[in-house]
Amino acid sequence: FMELEHSLIKTPVECLNKSVRASHKSLEKEFGNVMSTVLELRKTTPTPDAASESISGLVSRLQGLKRKLATSWKEDEQQLFRCRARLTHLQDLEERKPEEEQVAWKNMRLNRLLVDYLLREGFYDTALQLVEKHSLQDYVDTEVFLASRKVTEALQRHDCSEALKWCVENRPRLRRLECTLEFKLRLQEFVEFVRCEKYEEAIAAARKHLAPCATTNAAEVQKVMALLAFKKDTTCQPYADLLSLGRWDALIEEFKCANYQLHALSTVPLLNLTLTAGLSALKTPSCYEVDSRNPNCPVCSDGVGKLAADLPDSRHQQSSLVCRLSGQLMNEDNPPMVMPNGCVYSFKALWDMSETTGHITCPRTGEKCAFTDLRKAFIS
């Protein structure tokens, strides 16, 4: 469970770390500029007016820095509040709460999973409405997805500029992750120049951005540079693939994966992971046998069964018998009863059927019999 909820705590922590690093970097930069200006004033003997103007400029810069830090502090406080709220939310699961509160907790978790799925699939407005309706602002990371929306939409328009800005902002962390997204964006930028027959711009971009990568990515750089010898409608491979518009979809997926990694989010929607775990725990070989399906088993239904088709079967060290008619467990209080045709159902289900109709009809074969014709089965 905690593996699924890992990002619930980790993501706001990553956002907080990013904000603190940015504030620290801005603080060092501004203080460095201020100190260099002060040292210059000490070395020279400016006129009173010039000194006053320099000092006023320093005060103005420091006031601007103070405003930036105040805004950053508010954002950091919000992330800390979210961490506390989410920790409290998880701790509520460990405590024994009344059934109504447990149901409310489960409903909140389901809504969180739905919001996560909607944001990943690009249904931003629907996700925001769901967040607003159920007051989930402190439990979902909508800002992370909304910030990446601008980049994704630019890539969909075949524009690399926003994605490259994002790469520059996060370059140190991307380098630690060994992410090659920026290099692939530069390759695509070159390809687009060639596609538009802007050969001078393509060569200039290659000299500026691809040449420094030639030592580590020589094969890819050489291959893409060969595009200069082909037209945009070429069918020669692998250059036709390089000019394919499908490369943009691959870039979008790679950007999403990199963004998820930076914010400690799983690359697969949490709803998918939760469904996979639940369906795998319920799936048995009999779920796909028409005569053995249980009406109360979700995997036995046609729609959900397709989702679980590729999942492994669950392993049970102790088996339990479930009545096909009622969906109830068959045990010593509700023993299995055998009909003359060999089909087995629970005592309570067959008794209720006989009380209603005066006889028992097998739902599989349609064969009828009296209740006295039943035999009790004993499981060893």
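**Notes on a helical model**

Me: Start with K256. What's its relative accessible area?
Reply: K256 has a relative accessible area of 21%, so it counts as partly exposed. The cut-offs are under 20% for buried and over 50% for exposed, with partly exposed in between (1.4 Å probe, protein chains only).

Me: What am I looking at, and how is it numbered?
Reply: This is a predicted model: local features need pLDDT of at least 70, side-chain atom pairs count only at pLDDT 80 or more, and totals for chains, interfaces and linings use all residues. Residues are numbered from 1 along each chain as its sequence is written, and side-chain values use heavy atoms, with hydrogens and water left out.

Me: Which helix holds K256?
Reply: K256 sits in α12. Helices are DSSP runs of H or I with at least four residues, strands are E runs of at least two, and both are numbered from the N terminus.

Me: Now the core. Which residues touch the most other members of the largest nonpolar one?
Reply: L155, W166, L181 and L185, out of 16 residues. A nonpolar core is a set of buried Ala, Val, Leu, Ile, Met, Phe, Trp, Tyr and Cys residues joined through side-chain atoms within 4.5 Å.

Me: Which elements give two or more residues to this core?
Reply: α5 (142-156), α6 (161-169), α8 (181-195) and α12 (246-262). α12 gives the most, with 6 residues.

Me: And what does L185 touch?
Reply: L155, C160, A163, L164, C167 and L251, again not counting residues up to four places away in sequence. There is another core apart from this one, with 15 residues, including L187, A202, V224 and L227.

Me: Why call α8 largely enclosed by the rest of the structure?
Reply: Because 11 of its 15 residues are buried. Among them are L181, F183, R186, Q188, E192 and R195.

Me: What do those buried residues pack against?
Reply: α5, α6, α9 (199-210), α10 (218-225), α11 (239-242) and α12.

Me: How far does α8 reach?
Reply: 21 Å from its first C-alpha to its last, close to the 21 Å expected at 1.5 Å a residue. The expected span is 1.5 Å times one less than the number of residues. After α8 comes E197, with a positive phi near 60°.

Me: Cavities next. How many are there of 30 Å³ or more?
Reply: The structure holds 1. On a 1 Å grid over the protein atoms alone, a cavity is a set of points where a 1.4 Å probe fits but cannot get out. Points are joined across faces, edges and corners, and the volume is the space filled by probe spheres set on them.

Me: Which residues lie nearest its centre?
Reply: D116, Y139, V140, D141 and L270, from a lining of 17 residues. Lining residues have an atom within 4 Å of a point. α1 (6-43) and α3 (99-120) are the elements that give two or more residues to the lining. The largest share, 5 residues, comes from α3.

Me: How does the lining divide by residue type?
Reply: 10 nonpolar, 2 polar and 5 charged. Ala, Val, Leu, Ile, Met, Phe, Trp, Tyr, Cys and Pro count as nonpolar, Asp, Glu, Lys and Arg as charged, and the others, Gly among them, as polar.

Me: Back to α3. What is M108 in contact with?
Reply: H89, L136 and Y139, leaving aside neighbours within four places in sequence. M108 is in α3 and partly exposed, at 23% relative accessibility. The C-alpha atoms of M108 and H89 are separated by 9.8 Å.

Me: What is phi at H158 and at E178?
Reply: H158 has a phi near 65°, positive in a residue other than glycine. E178 is not a glycine either, and its phi is positive at about 60°.

Me: Where are they?
Reply: H158 is in the loop between α5 and α6, and is partly exposed at 34%. E178 is in the loop between α7 (171-176) and α8. At 71% relative accessibility, E178 is exposed.

Note on methods
1 Å grid on protein atoms, 1.4 Å probe; cavity = no way out; pocket = protein on both sides within 12 Å on 5 of 7 lines; lining within 4 Å. Contact = heavy atoms within 4.5 Å.
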